Amino acid sequence: LDELKSALRAFDGCALKKTATNLVFSDGNPAADIMIIGEAPGRDEDRLGVPFVGAVGQFLDHMLASIGLDRSGVYLTNFLPWRPPGNRTATAEEIDMLLPFLYRHIQLANPNLVVILGGAPAKILLQSSDNILKLRGRWQDINFGDGVLRPTMASLHPAYLMRSPAQKRQAFDDWYGLYHRL
Ligand code: URA
């Protein structure tokens, strides 16, 4: 994982790196059973170089606590390791360029369970054009490039839940499903 982080740090092929302040690689416990993959660093994450440290991260911590977890029990990363300027969406070219790094990240961390937060990373990693409201909560065995089938579930992004609290119920169902797999 340290080598992968160094490789990303040395990688100059992606324009997102040029405008970002820091590489945002991971947080939590790399040996944890659960790997959580968010969307992209925000302003706070870019400033500190750590995923999910701002208000959205604090909300995620509450969601984890609701099933008895904290950051020592999960490993956290994002689909994009650099904050896009103005939080714009990544281009198809950037996604294609960064996907192999994320696949390698998953392979090296080798979690037993993968949770994807948000529609954008869910569509790419689950190779589906379905809306997140349709994709969420369903466990699927996904091959992240090494032939290993890892049980994977997408759920609603905590930033979306902060804007749409009525959806928290569905997200809680998803996390409850995760709890039952631990
Ligand atoms: N939103 C994300 O998807 N990731 C972060 O690290 C912070 C906010």
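Which residues surround the ligand? In this predicted model, whose residues are numbered from 1 along each chain as its sequence is written, local features need pLDDT of at least 70, side-chain atom pairs count only at pLDDT 80 or more, and totals for chains, interfaces and linings use all residues. Side-chain values rest on heavy atoms, with hydrogens and water left out.

**Ligand surroundings**
- The ligand is surrounded by G38, E39, A40, E45, P51, F52, N78 and H157, where a residue counts if one of its heavy atoms lies within 4 Å of the ligand.
- Oxygen atoms of the ligand lie 2.8 Å from a backbone N or O atom of E39 and 2.8 Å from a polar backbone atom of F52.
- A nitrogen atom of the ligand is 2.7 Å from a polar side-chain atom of N78.
- The protein buries 93% of the 230 Å² that the ligand exposes when taken alone.

**H157**
- H157 belongs to the loop between strand 6 (149–155) and helix 8 (158–163), and H157 is buried, with a relative accessible area of 12%, buried meaning under 20% with a 1.4 Å probe and protein chains only.
- Leaving aside neighbours within four places in sequence, H157 is in contact (heavy atoms within 4.5 Å) with E39, F52, V56, L117 and G118.
- A polar atom of the H157 side chain lies 2.9 Å from the backbone nitrogen of A159.

**Nonpolar core**
- The largest nonpolar core has 52 residues, of which I36, V115, L125 and W175 touch the most other members; such a core is a set of buried Ala, Val, Leu, Ile, Met, Phe, Trp, Tyr and Cys residues joined through side-chain atoms within 4.5 Å.
- Helix 5 (residues 92–109) gives the most to this core, with 8 residues.

Notes. Buried means under 20% relative accessible area, exposed over 50%, partly exposed in between (1.4 Å probe, protein chains only). Helices (H or I, at least four residues) and strands (E, at least two) are DSSP runs, numbered from the N terminus. A polar contact is a pair of N or O atoms within 3.5 Å; within protein, one must be able to donate a hydrogen and the other to accept it, and residues adjacent in sequence count only if both atoms are side-chain atoms. Accessible areas come from the Shrake-Rupley method with a 1.4 Å probe; for residues, only the protein chains shown count as cover.
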